[in-house]
Amino acid sequence: MTGPPPLPDPGLPEAWLPGHGPADPGPSGPGGPPPVTRALRLSPKVLLTDPIRMLPSLFLPLVGVLFLGGFSPGSFAWAALGVVGSVVYSAVRWATFTYQVVGDRLELTRALVSRSVRTVPLERIRGVDVSHPPLHRLLGIAVLRIDTGAGGDEKQEGELDGVTEAEAERLKAVLLWHARARLARRAGTAPAGAGFPDPAETGPGGAEAGGEALPGFPAAGSEASSSLRHEVGETTPERIFLVVPRRWLAYGPLSGAYLLTPFALLAGAVGAAFQWGGELGVDRRVMWSAVEWLWGHRPLLIAAVALLVLLTPVIGVVMYAVFNWDFTLRARDGYLIAERGLLTRRSVSLERRRVRGFELVEGLVERRTGMARAWAIVTGLGDSQTRGQLLPVVPRAVALDVVGEGVGPITTALRAHPPAARRRRLFRAVFPWLVVAACALAAALAWSGPWWGPVAAALTLALLGVPLGLDRYRSLGHAYDGSRLSVRSGSLRRSQAVVERRAVVGWTLSQTWFQRRAGLLTVVAGVGAGSGGYAALDVGEEEGVAFVSEVTPDWLAPFVVSD
């Protein structure tokens, strides 16, 4: 007995839905998406954005042409010719670039001089990012990037810079649907009517009615089957985990990255002035004279620095708003989707089945105010510091609730490290500055002069190293709750990683000469996701071995001699 036919996915174009167009004789199976769609081009509006985007690289050559030509009519003609050439080049690039879905792959074709085709298998797509830079937003177009886990270099992945906003959302839905559906078909958990074998017409383990089990399909009802069905990410209602309220913009100054932005911009501007000054016809002696004049007027310099310091909180709020305006984290159809940005609006999709844990990061000021940031630990994710961000600066309790619900919590407290680890943390925080102070003291006794300043500075830093070392010790910890392990370290930037047991692919136990004398070792859990490894620093020798044995008992047994 068969029920009514399933409704098509509303997010997909009809021509690309199962049951429409010619039958696919390939892996899609009967009734699947058509094997070939027509080749499409980017929006013609890229003829405006591409030349503007090329202006920074053309600026210095154009200025050089004008200076060398003495700003004559001929020099302006050559400069105009360069601008027109960039527009023509953009037009040729637009006319010779196409993209299309062909069977089980996305093809990006460029035929400028020689024909080149970049192929992206749909089943390897792990995420699709859609961003809207300011100029693109004005023109109603977007940039679509495809994450295949090929590496951290975005040039190795597919990119469509200049599709319309509607086309970006349509293509994103199509690519993610195809990737999820093909994975479901391979796992034997595809929903009925999706263009794949109907479970109602198959026997246990994916076997056809009256036939044998389909190869590679787990038995129905088995743990592997339920796990695959969960990992594939069946179509589920959208769920919003968090929308950052506008009032939380005030947390921007608590992050050192936003707080130090004015000083970074000022340093970059000064460096650019000295680097390009000669090319722009500005003598460096003039710039040094300006610096000397400013140094000679100390009150003016102090007032400028004081104003900059007073403005840093305001600038921190502005930068937080620019990067994280209306930050929204939601789950939909097997993906975690993070949307954020004021000037450049960006949407990042992370395949939930590839998420192996999370990393909670707290700066010194953030810790004192109860704030934290969170990143997802994802297998094969390029540019994880940007794409993997789950939460900006938010209250720590909220961060723990959100990542615990969206990724998975750690349900046991961290275990403290032995007192020898405290002595080691203090030694590393204090001793180097004592060496610097001793060297500066020797120089001061020998030559006097300005060497007493470094002596005082080094002794001050050595004193500050005492609370820093104690705080580093308090931050150390590791735990395992039966399904996830957690390690934590750091003070100025304290980081706690929570990783699923199945993500661990190996262990590294290392000891320096000083650690051997103190009876400590460092245990690094090798993980095929995130940064590749997460360390429990200065663990007791017995505790470190016990930690490894607890997480993966069978791995360490051949190397341990029991009493």
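This note sets out, in numbered points, the main features of the predicted structure shown above.

1. Basis of the note. The model is predicted, and local features need pLDDT of at least 70, side-chain atom pairs count only at pLDDT 80 or more, and totals for chains, interfaces and linings use all residues. Residues are numbered from 1 along each chain as its sequence is written, and side-chain values use heavy atoms, with hydrogens and water left out.

2. Overall composition. The protein comprises 17 helices and 21 strands; helices (H or I, at least four residues) and strands (E, at least two) are DSSP runs, numbered from the N terminus. Of its 563 residues, 42% are buried. Here buried means under 20% relative accessible area, exposed means over 50%, and partly exposed lies in between (1.4 Å probe, protein chains only). The accessible surface amounts to about 29,400 Å², and carbon and sulfur atoms supply 64% of it; such areas come from the Shrake-Rupley method with a 1.4 Å probe, and for residues only the protein chains shown count as cover. A contact is defined by heavy atoms within 4.5 Å. Among contacts between residues at least 6 apart in sequence, 57% join residues at least 24 apart.

3. The six-stranded sheet. An open sheet is formed by six strands in the order β15-β14-β13-β18-β17-β16, with antiparallel pairing. Two strands pair if DSSP finds at least two bridges between them. At the edges stand β15 (389–395) and β16 (477–480), each of which pairs on one side only. From one strand to the next, the twist averages 15 degrees. As background, strands of a sheet pair through backbone hydrogen bonds, either parallel or antiparallel.

4. Strand β13. To β18 (residues 493–500), strand β13 (residues 355–363) is joined by seven bridges, and the two run antiparallel. Within this pairing, L360 has Q496 as its bridge partner, and E362 stands opposite R494. Six bridges join β13 to β14, also in antiparallel fashion, and there G357 stands opposite I377. Nine of the nine residues of β13 are buried, so the strand is largely enclosed by the rest of the structure.

5. Helices against the sheet. Helix α12 (residues 396–406) lies across β13, β14 (371–378), β15 and β18, and runs at about 150 degrees to β15. Helix α16 (residues 541–551) also packs on the sheet, where it touches β16 and β17 (484–489); its direction makes about 30 degrees with that of β16. For these angles, axes are lines fitted to C-alpha atoms, for helices over the stretch in contact, and angles run from 0 to 180 degrees between N-to-C directions.

6. What links helix α12 to strand β13 through charged side chains? R396 and E362 meet in a salt bridge (2.9 Å, N to O), and this pair links distant parts of the chain, R396 in α12 and E362 in β13, 34 residues apart. R396 is partly exposed at 23% relative accessibility, whereas E362 is buried at 3%. A salt bridge is a side-chain nitrogen of Lys or Arg within 4 Å of a carboxyl oxygen of Asp or Glu, and the whole structure contains 21 of them. Another is formed by R170 and E167 (2.5 Å, N to O); these residues are separated by about one helical turn because they are three residues apart in helix α4 (residues 165–187).

7. Positive phi angles. Phi of D326 is near 50 degrees, a positive value in a residue other than glycine; D326 lies in the loop between α9 (298–324) and β10 (328–332) and is partly exposed, with a relative accessible area of 25%. Phi of D538 is near 50 degrees as well. Is D538 buried or exposed? Located in strand β21 (residues 533–540), D538 is buried, with a relative accessible area of 1%.

8. A loop residue. R124 is found in the loop between β3 (115–121) and β4 (127–132) and counts as partly exposed at 43% relative accessibility. Leaving aside neighbours within four places in sequence, R124 is in contact with D147 and T148.
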